[in-house]
Amino acid sequence: MEQFNDEITPLAPQEENPIPQQPVDQAPYVQQEQAPAAPAYQMPPVSQMPPVPPTPEQPFYGQPMYQPPYSPVPAPKKKNTLKIVLPIVIGVLILIAAALAVYFLLFSKTPIDSIDLDDASLTMEIGDVYTLDYEITPDDATELELTWMSDDKSVATVEDGKVTAVAEGSCTITVTAESGAQDTCEITVKPLISEEDERLLGRWGVAMTYFDGDLQMFSNDSTYLLLNEDMTGVFYLGDSVYTITSWGFKQNSDGNDLYSVVMEGLGTVGFAYATDPSSALYGNLVLILDSNNMLILER
């Protein structure tokens with residue numbers, strides 16, 4: 001292998017093109033005219049300086065810095081939600097309570113569980129008036145409507161607990177609540193009898209008859225009226241027998257005591273007892289069938 005020993009021959013320095021130099025004193029120079037120098041600034045005295053309006057950022061030449069009048073801006077208050085909400089909640093609760101109260105008063109009813117009459121039985125005379133008292137449970141019941149009923153109004157009637165004796169006999173007064181609770185009272189109406197009425201008791205025979213304007217003497221042992229102490233009675237007229245079922249009103253007219261009597265088979269008849277000693281019929285009992293037919297009875 002062939003070896004080469006090449007030597008690097010340095011390049012010969014190249015000559016620089018020199019910039020021609022001119023001597024300073026030979027350089028063309030245009031001397032310019034210089035402006036006159038400004039005089040040095042001198043600060044005027046403070047007394048001659050114009051006032052500078054004070055500002056918060058600039059002190060007034062040694063004076064305290066200007067500060068505007070203090071007017072504090074209050075910090076926004078935090079809303080107390082509880083104070084706002086609580087009255088609203090209380091108002092709503094009051095309205096709900098009032099609505100519930102009205103509802104229970106108008107629509108909620110407490111039924112009567114039981115009703116008890118103070119009198120289980122009662123004895124009355126014709127014309128008597130008696131008010132039945134009662135107790136109900138519970139005490140706070142609101143369904144207070146009661147229905148009163150008599151099973152025989154010909155004996156006694158009842159209205160709102162007030163019983164009126166009409167005629168001799170017996171009947172049952174029933175009071176019923178809306179819930180179905182009820183109670184009864186047995187009514188017995190006895191004949192209207194007093195010390196004066198006792199003069200009617202006994203056996204009365206027929207002394208005279210008055211039929212269709214014809215007055216006739218009458219004597220028949222099979223025709224008579226029998227009045228018992230309890231004012232029950234039987235009228236025997238020949239083969240016919242009429243039983244007194246009840247006594248009605250009693251009144252006095254023209255010196256006579258008048259009675260309304262119901263006889264089975266004859267219907268309603270009247271008894272007249274002459275109480276005037278000056279009367280021709282004094283002491284007699286007149287059985288009045290109607291205005292044109294009557295029997296004059298004597299003991």
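These are my notebook entries on a predicted model.

**Ground rules.** I number residues from 1 along each chain as its sequence is written. In this predicted model, local features need pLDDT of at least 70, side-chain atom pairs count only at pLDDT 80 or more, totals for chains, interfaces and linings use all residues, and side-chain values use heavy atoms, without hydrogens and water.

**Confidence.** I looked up pLDDT (the predictor's confidence in each residue, from 0 to 100). The chain averages 77, and 70% of the residues score at least 70. I then went through the elements (DSSP runs numbered from the N terminus: helices H or I, at least four residues; strands E, at least two).

**Nonpolar patch.** I found a surface patch (residues over 30% relative accessible area with no salt bridge; nonpolar side chains joined within 5 Å, like charges within 9 Å). Its members include Ile84, Val92, Tyr103 and Phe104, and the whole patch has about 920 Å² of accessible area. Areas are Shrake-Rupley with a 1.4 Å probe. Ile96 is also a member and lies in helix H1 (residues 81–106). Is Ile96 buried, partly exposed or exposed? At 44% it is partly exposed (buried is under 20%, exposed over 50%, partly exposed in between).

**Negative patch.** Asp116, Asp118, Asp133, Glu135, Asp139 and Asp140 form this one. Glu135 lies in strand E4 (residues 134–137). Glu135 counts as exposed because its relative accessibility is 55%.

**Leu297.** I placed Leu297 in strand E18 (residues 293–298). Leu297 is buried, at 0%. Leu297 and Ala207 are 90 residues apart in sequence but 5.4 Å apart in space, C-alpha to C-alpha.

Definitions and conventions. Salt bridge = Lys/Arg side-chain N within 4 Å of Asp/Glu carboxyl O. Lys, Arg positive; Asp, Glu negative; His and termini not counted. Charge placed at Lys NZ, Arg CZ, Asp CG, Glu CD. Buried < 20%, exposed > 50% of the residue type's maximum accessible area, 1.4 Å probe, protein only.
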